[in-house]
Every structure is written in C-alpha cells, then in structure tokens.
Amino acid sequence: MSDVLDSKLVRSGTWGALWMDGEQVAECYGFQLKINKNKEDVPRCRTLVSGKKLTGVSLTGSVKLYNATSRLLEAEGRAMAAGEDIRHTIISNLDDPDNPRNQRIAVKGVIFDDLTLADWEAAKLGTIEAPFSAESYEILDY
C-alpha cells in the first residue's frame with residue numbers, strides 16, 4: 001500500500017443525499033452525525049493521572065437545509081404546538097463515484113433540538129441549520 005493518499009478517493013459532499021422518514025430531502029446541503037463518548041475519571045494508585053472509563057455514548061448532529069420548503073416547520077410545528085416531541089428516521093448517503101465504497105448510515109429516534117420559525121436577510125440565500133440528538137444508528141454501508 002502506498003504511503004501517499006490517492007486524492008480521488010476523498011469523498012466529496014457534492015454526492016451526499018439525505019432522506020427523512022422515507023422522503024428524500026432535496027434541499028439538504030450538509031449533514032453531520034457524531035458519537036459523543038461519556039467518560040468518568042478513574043483515580044489510580046501510584047500515579048497522579050486519572051484513567052478514563054467509558055460509561056456511555058450519545059448521538060448528536062445537524063442537518064443543513066436551504067430554506068426552500070417548509071418541511072421542518074410542517075413536521076415539527078404542528079407537533080410542538082400540540083405538546084408532542086416526534087421522532088424521525090434519517091438516512092445519510094455519501095456515494096462519490098470516484099470512491100468504490102459507499103457510506104450509508106441510518107439514524108433513528110432523531111429529535112430536533114430547536115425549530116427555526118424565521119431567519120432571513122436581504123440579498124442572502126436562506127439556510128437553516130437544525131441540530132438534533134438521536135437514540136440509535138446503524139451503518140448500512142461502509
């Protein structure tokens with residue numbers, strides 16, 4: 001194996017796609033999902049440095065959308081007005097034709113942290129960033 005990266009294998013977000021609750025979200029231009037490690041200090045004998053013990057994980061992320069539809073406002077607005085906290089399933093797909101391996105991940109139990117009701121500025125493209133937490137994930141393709 002070469003010690004020099006083959007640059008054509010670097011995946012470009014241009015080839016990303018997102019589905020929410022089975023419907024493609026064409027206005028999506030960015031997506032991020034992270035696993036956050038929860039750790040506790042482990043005091044140890046004969047050293048002043050504590051070790052770390054993994055005690056759990058949490059999932060967080062964000063969806064970046066062009067303000068072209070009212071998708072989130074429609075999905076979340078009515079539910080929030082009724083006091084409901086609905087859950088979504090998101091599938092992220094990054095399939096760059098220069099890379100032979102597709103990356104596809106399903107995220108379940110997605111709960112948006114906030115809802116942008118309005119955010120605009122003259123002569124500027126409208127965008128919305130929707131941060132979320134989630135309950136589980138499944139790697140569908142590596």
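# Close-up views of a predicted model

**View 1. The salt bridge between E27 and R71.** E27 and R71 form a salt bridge in which the closest N and O atoms are 2.7 Å apart, a salt bridge being a side-chain nitrogen of Lys or Arg within 4 Å of a carboxyl oxygen of Asp or Glu. The pair links distant parts of the chain, 44 residues apart, with E27 in the loop between β2 (23-24) and β3 (28-42) and R71 in helix α1. The model is predicted, so that local features need pLDDT of at least 70 and side-chain atom pairs count only at pLDDT 80 or more, whereas totals for chains, interfaces and linings use all residues. Residues are numbered from 1 along each chain as its sequence is written, and side-chain values use heavy atoms, with hydrogens and water left out. E27 counts as buried because its relative accessibility is 7%, where buried means under 20% relative accessible area, exposed over 50% and partly exposed in between (1.4 Å probe, protein chains only).

View 2. R71 lies in helix α1, which spans residues 71-81; helices (H or I, at least four residues) and strands (E, at least two) are DSSP runs, numbered from the N terminus. With a relative accessible area of 18%, R71 is buried. The side chains of R71 and E27 are joined by a polar contact of 2.7 Å, a term for a pair of N or O atoms within 3.5 Å in which, within protein, one must be able to donate a hydrogen and the other to accept it, and residues adjacent in sequence count only if both atoms are side-chain atoms. A polar atom of the R71 side chain also lies 3.5 Å from the backbone oxygen of Q24. Leaving aside residues up to four places away in sequence, R71 touches M20, E23, Q24, V25, A26 and E27, contact meaning heavy atoms within 4.5 Å. E23, E27 and R71 are linked in a network of salt bridges.

**View 3. Two further salt bridges.** The count of salt bridges comes to seven. One of them joins D41 and K52, with the closest N and O atoms 2.3 Å apart; this pair links distant parts of the chain, D41 in strand β3 and K52 in strand β4, eleven residues apart. D41 is partly exposed at 47% relative accessibility, whereas K52 is exposed at 57%. In the salt bridge between D85 and R87, the closest N and O atoms are 3.5 Å apart. D85 is partly exposed, with a relative accessible area of 45%, and R87 is partly exposed as well, at 43%.

**View 4. The largest nonpolar core.** Of the 15 residues in the largest nonpolar core, V63, L72, I90, V110, F112 and F132 touch the most other members; such a core is a set of buried Ala, Val, Leu, Ile, Met, Phe, Trp, Tyr and Cys residues joined through side-chain atoms within 4.5 Å. At least two residues of this core come from each of β1 (16-20), β4 (51-66), β6 (103-112) and β7 (127-134). Not counting residues up to four places away in sequence, F112 touches M20, V63, L72, E76, H88, I90, A130, P131 and F132.
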